[in-house]
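Please keep the sequence and the model in view while reading.

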Amino acid sequence: AGSDALSATDRVAVVAGGATDCTGAEICAAAGGCSWMHGTVAIDGTGKLVWSTTLEGLAQDTEWRLCFQSAGDTVWQMIQTPLDTCGRVAPSYSATPACPTPGEAAVLTFTAGSDALSATDRVAVVAGSATDCTGAETCAATGGCSWMHGTVAIDGTGKLVWSTTLEGLAQDTEWRLCFKSAGDTVWQMVGGSIETCAHRVPPSYSAAPACPTPG
């Protein structure tokens, strides 16, 4: 608390890091306002106000300022300490075979980034030209894209192993992978791309004589 005791009906708002006052805080904190204002406010056992939120919709790796309004007051006060949001590191992956052929067995192994991995994490494939994971949720949902079929498990080293055939993906094409941690709402794009290959070409041969006689 500052000058006043805190209450569960006090309000908090986030404004741009370059702001010099709390202009816009009222609109942002109002019902139906900025998406990142969703959350719950409570007073803990020591009299401190606890705001539980996901800050959904705020840019990562950015400085922000917090504004505070006491219950029943009309004035927003700017809190002097800035709030920095961080970027999350998506997991990295490797594929076996390195260039999987759609319709044939493949294994994609993911190594943890910022978060530990779990068997309920989700993976999706999006177009190679994609710059974000728009469409990943629809594709990964039950009954979504056919190439999302497969099994997810955690191996003995804590890596996530996705066994799949990538059935339905075009061959000889570049794709991007998106990843979502269990219970999270945000899809992260995994660095790098994955390329699918055409069906394997069997070897050629020659015979001597050209027309062998059995026996």
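A residue is called buried if its relative accessible area is under 20%, exposed if that area is over 50%, and partly exposed in between (1.4 Å probe, protein chains only). The model is predicted: local features need pLDDT of at least 70 and side-chain atom pairs count only at pLDDT 80 or more, whereas totals for chains, interfaces and linings use all residues. Residues are numbered from 1 along each chain as its sequence is written, and side-chain values use heavy atoms, leaving out hydrogens and water.

**Aromatic rings**

- Rings of Phe, Tyr and Trp (its six-membered ring) pair if their centres lie within 6.5 Å; planes under 30 degrees apart count as stacked, over 60 as edge-to-face and the rest as tilted.
- By this rule there are 2 aromatic pairs.
- The ring centres of Tyr93 and Phe110 are 6.0 Å apart and the planes are at 35°, so this pair is tilted.
- Phe110 is buried because its relative accessibility is 0%.
- The rings of Phe110 and Phe179 also form a tilted pair, because their planes are at 35°, with centres 6.1 Å apart.
- Phe110 in strand β8 and Phe179 in strand β12 (residues 173-180) are 69 residues apart; strands are DSSP runs (E, at least two residues), numbered from the N terminus.
- Ring pairs join Tyr93, Phe110 and Phe179 into a cluster.

**Thr101**

- Thr101 lies in the loop between β7 (92-96) and β8 (106-111).
- Thr101 has a relative accessible area of 4%, so this residue is buried.
- Not counting residues up to four places away in sequence, Thr101 touches Thr165, Cys197, Ala198 and His199, where contact means heavy atoms within 4.5 Å.

How values were computed. Helices (H or I, at least four residues) and strands (E, at least two) are DSSP runs, numbered from the N terminus.
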